[in-house]
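This report looks at core packing and helix contacts. Please keep the model open while reading.

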Amino acid sequence: MVETDLSDFKDSLCSIIKYAFGKPIEEAGRVDIFNALCFVVRRYMIDIKIETEKRYRKNDVKRMHYISMEFLTGPLLANNLINLGIYEKCRDIVNAICTDFSINMNFDDLIEFEPDPALGNGGLGRLAACFLDSLATLNMPGFGYGINYDYGLFRQSIVGGYQLERPDFWFNKTSPWLMRMFGEKCRVPVFGRIEESEDMHGQYNPMWVEWKLIVGRPHDIAVVGYGGKTVNCLRLFSAWASEEFDMRIFNEGDYYKAVEDKIQFENISKILYPSDSKEVGKELRLVQEYFLVACAVNDIISTYLKSHDNFDKFHEKVAIQLNDTHPALTVAELMRALIDTHSLEWDEAWNITTKTLGYTNHTLMPEALETWQGSILKKVIPRHLQIIHEINRRFLAMVEEKYPGDHERAAKMSIVEPFIGGEKIRMANLAIVGSHSVNGVAQIHSELVKTNLVPDFYDLWPEKFNNKTNGVTPRRWILKANNGLSRLICSAIGDKWISDLEQLRELEKFRDDSAFLDALLNVKRENKIRLASIIRNTQHLRIKVDPDSIFDIHAKRLHEYKRQLLNVMNIIHTFFLIRHDGKTPPCPRTFIFAGKAAPGYVMAKLIIRLIHGVADVINNDGLAKRWLKVVFIPDYRVSLAEKIIPSADVSEQISTAGMEASGTGNMKFAMNGALTIGTLDGANIEIAQEVGDDNIYIFGHKVEDIPKLRSSFNVQKWLDNDIYLKRVIASFDSDLFCLKETGIFKPIHYGLVNGGDYYCHIADFKSYIETQSRLSNDYLDKKIWAQKSLVNIARTGKFSSDRTIREYAEDIWQIYPQL
């Protein structure tokens, strides 16, 4: 850990409040002190950032650039203080200032005050943020590129059991962590048309004309690694019109028309994932993705050309990783920049592009792979569509040479998919063709990418495909989120685990240490008490939950394949056992849900309503509420996850086998001592391999079973053979959980009975409830449960994002630590 001189910390903070905010420290409010504190901390980070950049330039290092539509960073102050190694010292200084000047707040108030930056939605963005933390901690030259959104996906509230979406604004214009990089900007052409022409040598030379110009203004967030040796950057772009407005039109009196382009272009960075249900929304979504990759490519090339006068070493000095298909237009944009702007020949440009780019796939569902209608690309980026067609023409010629006459294979592999009246551009195919590496994010996922999703590409280029199992940063998800556990671990084995998570294996020597196990259970209980308080004080909840009950937590995005519905089915089954059969569970249990449903996903939103309907009945039933409580905590986000995850006894990872790419929540819960109940899906398989079958609760059908189940599914047979299942399913056709809104859950009943059980809610029900019963019985023996929890913590070293980044760096990017 680099020693940081804090001798002038207090004076610097007071000086900022006085000279930047214009008031004496005694009159400073919470916003003033918070911002001043962040500015002081940022000063230390900028000093390290400048030194880091000097090292990189001196050694002419290869840099990796991670392009992602999302970076779900979470609040930054505490994380930065921890990584700089000054958290406790800073706490003491700030608390002393508040005491000396009679300010009615303390350090912890300021930490809780910081909002979550609205820069992401779910696992995709959180993974990207973990990667940036690990890159800086490992002292590797890795940088992020994203969009500086005004609004996130949405802020979730619950009204009458229904999800209500509200604008998720954050202070992206005034955040103390965002540094506007004045004097730097990217010029991004959009719209217009292609004018066919020839150059002076008679060669085809298309001209993109009549385009409009968007300006990308860069803002940097400094990313400090643990130990304080390296600070890299996350660069975010805000979209602006090239001119304030058209003065000629303004002078003619059409004021609205004059500012039309300004409003249109500045909407590009207004909101994360604008709705694409209408044509105008689809166009905005495409412009948004193009804007990101155009700004990123422009910036990457500019950085490279500061040290090189040609592109001979571009791929030796630059690596670009595409986080899912959203940035797939990077293939066409890099080609356009190299050919049109820098006058390279096609073959040279293509060689550079394919050696520079890598693509990470995050989904196994073909319908989730992004496609764009050619007509929209022609309107928005006509030159890129032309380049994509030429890439595809050359690629299909290669396919024909390799597989002569196999037109069916060629049609599946083609980047361009014709349909009646037009064409679609398959962005995943473009990313695969244009990259030298294609990776999945868990062992099973990567195999299914090769065998199920794109087997023809794997047959053509087996060397491209590889696995990089996801990971999460222990700095945020243990050290920051679970202070009690961190202290306990450090007291037992020291602090080397913070940057080398495999060191947690040393904890296994305490497996039979009663004092240590008691301390571990006490840490868990304290975390549960904290979460119980949050639940009690959440406005629409006001529910009292028992910290001595099992905290069974299902926290993730709402989707049918993630099977929150299956969890609810077990809750209803348990309720019926208590209420109708006179059977009580082995121990009380609190079922806690958190997660957002996409605004247009009707079934997912109905499942949220069902959770609340079930909660209303159970939480008010005189008998059942002694044994069960059901809670839905709204507006799941990083800062809330940091409080929920350490509190879990049980982690619900119950997706339909073969549908979850990896998951990272499963890793966070396990390394905080929760026991997983889950299917053999995504990274659950690797967690099971690490912790052992005795320390995880696996249920349900396997990936290889699913196709046969779906093809021969007979719902009546399943219902006739299981009376427990039958009465649970029947409850959705009744008004038991919706007395004031009759029939609202009938669509759930219809989907289960008539939907062919696509997500295996019915097929996995019996296995799930039996496994839940076994889990409840195991919980009764506190020592055995504590031992299982300890093994989960001790054996999660593999799931550090540090390990993931080392594998990317060695196998794909060829970047190395720089000290």
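## Helix 13 and its cover

The model is predicted. Helix 13 spans residues 346-356. Its buried residues are Trp-346, Ala-349, Ile-352, Thr-353, Thr-354 and Thr-356.

## Nonpolar cores

The largest nonpolar core holds 216 residues. Phe-9, Leu-507 and Trp-813 have the most contacts inside it. Helix 10 (residues 279-305) supplies the largest share of this core, 13 residues. Another core lies apart from it, with 56 residues, including Ala-604, Leu-610, Val-715 and Tyr-779.

Setting aside neighbours within four places in sequence, Leu-507 touches Ile-489, Ala-492, Ile-493, Phe-516, Leu-790, Ile-793 and Ala-794.

How are two packed helices described? By the angle between their axes and the distance between the axes.

Helix 21 covers residues 483-493, and helix 22 covers residues 514-537. Their axes come within 9 Å and cross at roughly 160°. Angles over 145 degrees count as roughly antiparallel, so helix 21 and helix 22 are roughly antiparallel to each other. Their crossing is right-handed.

On the helix 21 side, Gly-484, Leu-485, Leu-488 and Ala-492 make the contact. They meet Phe-516, Ala-519, Leu-520 and Val-523 of helix 22. By class, this contact has seven nonpolar residues, one polar and no charged.

Conventions. Residues are numbered from 1 along each chain as its sequence is written. This is a predicted model: local features need pLDDT of at least 70, side-chain atom pairs count only at pLDDT 80 or more; totals for chains, interfaces and linings use all residues. Side-chain values use heavy atoms; hydrogens and water are left out. A nonpolar core is a set of buried Ala, Val, Leu, Ile, Met, Phe, Trp, Tyr and Cys residues joined through side-chain atoms within 4.5 Å. Buried means under 20% relative accessible area, exposed over 50%, partly exposed in between (1.4 Å probe, protein chains only). Helices (H or I, at least four residues) and strands (E, at least two) are DSSP runs, numbered from the N terminus. Contact means heavy atoms within 4.5 Å. Axes are lines fitted to C-alpha atoms, for helices over the stretch in contact, and angles run from 0 to 180 degrees between N-to-C directions. Angles under 35 degrees count as roughly parallel, over 145 as roughly antiparallel, 65 to 115 as roughly perpendicular and the rest as oblique. A crossing is left-handed if the near helix is turned anticlockwise from the far one by less than a right angle, and right-handed if clockwise. Ala, Val, Leu, Ile, Met, Phe, Trp, Tyr, Cys and Pro count as nonpolar, Asp, Glu, Lys and Arg as charged, and the others, Gly among them, as polar.
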